[in-house]
Amino acid sequence: MSEQFADQEQRYRLDARIATGGMGEVWRATDTTLGREVAVKLLKQEYADDPTFRARFETEARHAASLHHPNIASVYDFGETEHRPYLVMELVDGQPLSSLIQGGRPMAPAAVRELLAQAADGLGAAHAAGIVHRDVKPANLLVTPDRRVKVTDFGIARAAEGIGLTGTGEVMGTPQYLSPEQAQGQTSTPASDVYSLGVVAFECLAGERPFVAETAVATALAHLREPVPDLPPSVPADLSAVVRRSMAKLPQERYPDGDALADALRNPATAATAVVPSAAAPPLPGPVPTTTTLPTVDERRRNWLWPVLGVIALAVVAILVVLLITEPADDGAPSDDETSQGPTQSSTAPSSPSEPTSEATTEDTSVTLNAGDYVGRPLGDVERELGQLGLRVNSVQVDNPGDEIEGDVSALNPTGRVEQGDTITVNYWGPQPTPSDTPTPTPTPTDTASPTPDDSTSPSN
């Protein structure tokens, strides 16, 4: 027996559960008002208990519903039933990309270009509307039988950001596909989605993820600190270059948005020859030789200018020597010129000597601390920099809520203007806690259809 929602006059009938995951479950459902099949994503009840999530969820759902693109799974409706938020989405007849790359078998480069260029098109449309996905991963890229890609779950990660829920892997994004700036808790941008899609491309081409560690935090740190591994030799060099640029550590070194990445995937040869502001080789210790033996106009000017300047400098020195020789002796008393220019100016000036002394003291012993310059960075780096400023450091470990990077600084006290020699308390995140028990599963609507662990149809979690 199928279940119906208790609100909206039982508009949506839940027919069969398609998939379950950390954030909730996805159902194949029927819109009884319009008479069409839809996908309903029921989120966990604890999300509804958080007022911050409810406010963000409504905002992000409205934004997602405004997106209309062939490569985006449409959002039709949203609401709450029995204290559980839900989204009503387009039911996609297909399977997630994650099911196509299981088993460690690389995909054909041509197929990767085609599928991920479509995904980048969908992301580009969202970026043009000012929306960042924040959780791009294979499970959120649905592939239809006719090889059409649909990006799903827009706004879910944004709504869940920072509300203190742990154990779902969704609050800060999925660690295996997390951009370095997301790992540091910084603001996500379109370039963050580009990085995540670059990781997906790497996995499709290599048959494995570029960064895998024992814990979620260690995996996030690998994205932040480890170099991108090489792709297999079977991957064309131009396509490999596109993936590597997409996964640059700094956002400004990647493609700026989904549209730019889509163009690069479809035209990798052109993208490979473009100037990329990536890490360059260190400069040579000597001057770089020019490609011609004829001096330029500027070089010819410099060639005659330096001798002229040398002659002038010698003349000035000679005049100064003559003046010093002919100057009458005055028992060591400074001359008028020396008095006006030398360091004893304050002895003849009418102003009080205390004013310049006070300014010098302030400049020598005071520094200004801005918490934003240090929060989110490794403790060792912050301790070293504060020490170089002449400050004492008192490091205090604080409990990790579960979605922070161990060893990163969480707060400084005091901040603002401080004196050299002052003690600064630096709080840093401790290790990520280990869940002590398994969350109690949320009751789900009962029906005659058997739950299936397979997520082979419709929007995923």
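This is a predicted model: local features need pLDDT of at least 70, side-chain atom pairs count only at pLDDT 80 or more; totals for chains, interfaces and linings use all residues.
1. The main core. The largest nonpolar core has 58 residues. Leu-97, Leu-116, Leu-141, Phe-154 and Leu-197 are the members that touch the most others in it. Helix α7 (residues 190-206) supplies the largest share of this core, at 10 residues. As background, nonpolar side chains in soluble globular proteins tend to be buried together.

2. Leu-141 as a contact point. Leaving aside residues up to four places away in sequence, Leu-141 touches Gln-95, Pro-96, Leu-97, Leu-116, Ala-119, Val-149, Lys-150, Val-151, Leu-197 and Val-200. Two of these contacts, Leu-116 and Leu-197, are also among the members of the main core with the most contacts to other members.

3. The sheet around Leu-141. Strands β7, β8 and β9 form an open sheet in that order, with antiparallel pairing. Strand β8 (residues 141-143) is joined to β7 by two bridges, and Pro-96 has Leu-142 of β8 as its bridge partner. Helix α4 (residues 109-128) packs on this sheet and touches β8 and β9. The direction of α4 makes about 35 degrees with that of β9.

4. The α4 and α7 pair. The axes of these two helices come within 11 Å and cross at roughly 165 degrees. An angle over 145 degrees counts as roughly antiparallel, so α4 is roughly antiparallel to α7. The crossing of α4 and α7 is right-handed. On the α4 side, the contact is made by Pro-109, Val-112, Leu-116, Ala-119, Ala-120, Leu-123 and His-127. On the α7 side, the residues are Pro-190, Asp-193, Leu-197, Val-200, Ala-201, Cys-204 and Leu-205. Among the residues of this contact, Leu-116, Ala-119, Leu-197 and Val-200 also touch Leu-141.

5. Strand β4 and its partners. Is β4 (residues 36-43) largely enclosed or open? Six of its eight residues are buried, so the strand is largely enclosed by the rest of the structure. β4 pairs with strand β3 (residues 24-31) in the antiparallel sense over eight bridges. The hairpin of β3 and β4 has four residues between the strands, and Gly-35 there takes a positive phi near 65 degrees. β4 is also joined to strand β6 (residues 84-90) by five bridges, again antiparallel.

6. A separate core of 13 residues includes Leu-369, Leu-379, Leu-391 and Leu-412.

7. The mixed sheet. Three strands form an open sheet in the order β11-β14-β12, with mixed pairing. β11 (392-398) and β12 (409-413) stand at the edges with a single partner strand each, so one side of each has no neighbour in the sheet. Neighbouring strands are turned against each other by 25 degrees on average, direction ignored. Strand β14 (residues 423-429) runs antiparallel to β12 and is joined to β12 by four bridges; Val-409 has Tyr-428 of β14 as its bridge partner.

8. The helix on that sheet. Helix α16 (residues 379-388) lies across β11, β12 and β14. Its direction is at about 170 degrees to β14.

Notes
Residues are numbered from 1 along each chain as its sequence is written. Side-chain values use heavy atoms; hydrogens and water are left out. A nonpolar core is a set of buried Ala, Val, Leu, Ile, Met, Phe, Trp, Tyr and Cys residues joined through side-chain atoms within 4.5 Å. Buried means under 20% relative accessible area, exposed over 50%, partly exposed in between (1.4 Å probe, protein chains only). Contact means heavy atoms within 4.5 Å. Two strands pair if DSSP finds at least two bridges between them. Axes are lines fitted to C-alpha atoms, for helices over the stretch in contact, and angles run from 0 to 180 degrees between N-to-C directions. Angles under 35 degrees count as roughly parallel, over 145 as roughly antiparallel, 65 to 115 as roughly perpendicular and the rest as oblique. A crossing is left-handed if the near helix is turned anticlockwise from the far one by less than a right angle, and right-handed if clockwise.
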